[in-house]
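Here are a few friendly notes to read alongside the model. Take them one at a time, and find each residue in the viewer as you go.

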Amino acid sequence: MDQDPNPERGDVAAIVLAAGKGTRFRSDVAKVLHRTAGRSLVGHVLEALRPLGLGQVIVVVGHQREDVEAEVAAVGVPGSVTVVQGEQRGTGHAVQVALPALREGIDRVVIVPGDTPLLTAATLGSLLDAAEGGVAAMLTAVLDDPTGYGRVLRDGHGAVDRIVEHRDATEDERSVGEINAGMYLVARGPLEDALSRIDDRNVQGELYVTDVVQILTGDGQRVAAVVADETHVAGVNDRWQLAAAGAVLRDRHLAHLAAEVGVTIDDPASTHVDVSVRVDRDARLLPGTILEGSTVVGERAVVGPNSHLTDTEVGPDATVHSTRADGAAIGRGASVGPFTHLRAGTRLGADTKAGAFVETKNADVADGAKVPHLAYVGDATVGAGANIACGVITVNYDGRTKSHTTIGAGAFVGCDVSLIAPVTVGADAYVAAGSVVTDDVPDGALAIARSRQITKEGWVGER
Ligand code: UD1
Ligand code: CA
């Protein structure tokens, strides 16, 4: 999606309104920071703006401004800056606050809310194209249930006349199904002029950006309207709408993976894939799979059923069954699961195995090594082709410090062995089952560290 700024749009700035609290969320966290499908609300909006290559992107922040500023910086759309709206006196006030930050050479301004995560670059592009020639354009949508949105009132010729907010509208006006999406493109001069003329005489006592429309049409200017798809412009004002938007975003991403990449998704309803996740051709996602953050699934890999991967890389041809992984890398052809927990810093090489009830953390398991069942491998290096049998524990923590275990290539660590770190098992060495290993084992050696069995013949009869 990344692309060079389009020279034809260098004169366009976006103003993103993200200063509000979001009272209807009933949250201690500013609304635009709430996340769904892998991004914050404002992050989704900024990502829709990114491919347009605008000259400037100004985000108006206020409520929890430091956190919102950090999020805007983290998203990192080129040319993005923030301005502070100290007191949230309405959407019109928010745009007023942003105007002084417009750079020289900006001739047109696109205004977008920070709470419309379904927005796409294509829909915004249609808004930019619509105003060609005129001073203003806006996006609308026709909804079965327009409750809560501003309504678009048109004149006898069908031209946009003004917008009335739901709370200010009469019964008649509320019966209008065409809503204001809150996204506008206005030439800079007329915008500055109209904003200097808005007032707060409305039910909420706020300065509404929507009043710009009526001021422009009152001056005899035409405001073009593009009727967009509802699923591209819906606003998120409460948590139920957040859930609904997340479902649309995930669906869209799954459809893209299935249709354009060539990924098999057995059960889309139970497959949650963040928009930030890449899945490659011929991979298959089985039911109950959740893929988050920067996760990547390689070609022909099979993930699921019931796997939850966060920031994890799955190599081509790997299988990951009923697994939780966070910050792990799974090599080409590796077999993981079922019931495996790969924690941060796990690196499984090619053709490795991490089987049932295995937990790993900060572990580097080289190509072909196997940890088939019931083991804890933490703060450890496991050499190529090593075999870690059932019940092996790297005893990495003495209550105060974490220590490292090194297991050499080709080593065989038998069942129920505790390796008391720091300790090294040499290449091709053997450790006998049931051993508690406290001393290094040289390459090619056999270590037996357990008490000998005592067998008392006839003991039962003599008792
Ligand atoms: C707004 C529109 C409404 C439209 C709807 C579309 C107005 C008055 N109403 O209503 O016509 O149908 O969006 O989704 O514009 N914000 C600020 N500073 C403020 C107030 C709001 O930055 O002082 C930001 C909010 O953080 C939010 C965005 O502006 O991201 C929209 O505000 P919100 O309160 O959600 O407006 P709506 O009631 O949804
Ligand atoms: Ca809103």
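**Notes on the model**

1. Start at the ligand. An N or O atom in the side chain of Glu165 sits 2.6 Å from an oxygen atom of ligand 1. Keep in mind as you look that this is a predicted model. Thr91 also takes part, with a polar side-chain atom 2.7 Å from an oxygen atom of ligand 1. For Asn237, the distance from a polar side-chain atom to an oxygen atom of ligand 1 is 3.4 Å. Taken alone, ligand 1 exposes 760 Å², and the protein buries 90% of that.

2. Which residues come nearest to ligand 1? There are 23 residues around ligand 1, and Leu17, Gln85, Thr91, Glu165 and Asn180 come nearest.

3. Next, zoom out to the whole chain. The chain is divided into domain 1, covering 9-233, and domain 2, covering 261-447.

4. Salt bridges deserve a stop of their own, as the structure holds 19 of them. One of them pairs Asp11 with Arg108, with the closest N and O atoms 3.3 Å apart. Asp11 lies in the segment before β1 (12-18) and Arg108 in strand β6 (residues 108-113), so this pair ties together parts that are 97 residues apart in sequence. Is Asp11 buried or exposed? Asp11 counts as buried because its relative accessible area is 18%, under the 20% cut-off.

5. Another salt bridge joins the side chains of Glu71 and Arg35, at 3.9 Å from N to O. Glu71 belongs to helix α2 (residues 65-75) and Arg35 to strand β2 (residues 35-36), so the pair ties together parts that are 36 residues apart in sequence. Glu71 is buried, with a relative accessible area of 16%.

6. The side chains of Glu192 and Arg188 meet in a salt bridge of 3.3 Å, N to O. Because they are four residues apart in helix α6 (residues 188-195), Glu192 and Arg188 are separated by about one helical turn. Glu192 is partly exposed, at 32% relative accessible area. Elsewhere, salt bridges that share partners join Glu299, Arg300, Asp317 and Arg332 into one network.

7. Have a look at the backbone too. The peptide bond from Gly304 to Pro305 is cis, with omega near 0 degrees, and Pro305 is in the loop between β18 (302-303) and β19 (308-310). A cis peptide bond also joins Ala421 and Pro422, and Pro422 is in the loop between β33 (418-420) and β34 (423-425).

8. For Leu374 the angle is about 45 degrees, but Leu374 lies in strand β28 (residues 370-382). Asp351 counts as partly exposed at 48% relative accessibility, and Leu374 is partly exposed at 46%.

9. Finish on the surface. Phe412, Tyr430, Leu446 and Ile448 form a nonpolar patch there, with about 410 Å² of accessible area together. Leu446 is found in strand β37 (residues 446-447). Why does Leu446 count as exposed? The reason is its relative accessibility of 57%, which is over the 50% cut-off.

Methods: Residues numbered from 1 in each chain as written. Chains lettered and ligands numbered in written order. Predicted model: local features only at pLDDT ≥ 70, side-chain atom pairs only at ≥ 80, totals over all residues. Heavy atoms only, no water. Patch = residues over 30% accessible without salt bridge, like charges linked within 9 Å, V, L, I, M, F, W, Y side chains within 5 Å. Areas by Shrake-Rupley, 256 points an atom, 1.4 Å probe, with all protein chains shown as cover. Salt bridge = Lys/Arg side-chain N within 4 Å of Asp/Glu carboxyl O. Helix = DSSP H or I, 4+ residues; strand = E, 2+ residues; numbered from the N terminus. Buried < 20%, exposed > 50% of the residue type's maximum accessible area, 1.4 Å probe, protein only. Near = heavy atom within 4 Å. Polar contact = N/O pair within 3.5 Å; in protein donor to acceptor, adjacent residues only side chain to side chain. Domains from an automatic or database assignment.
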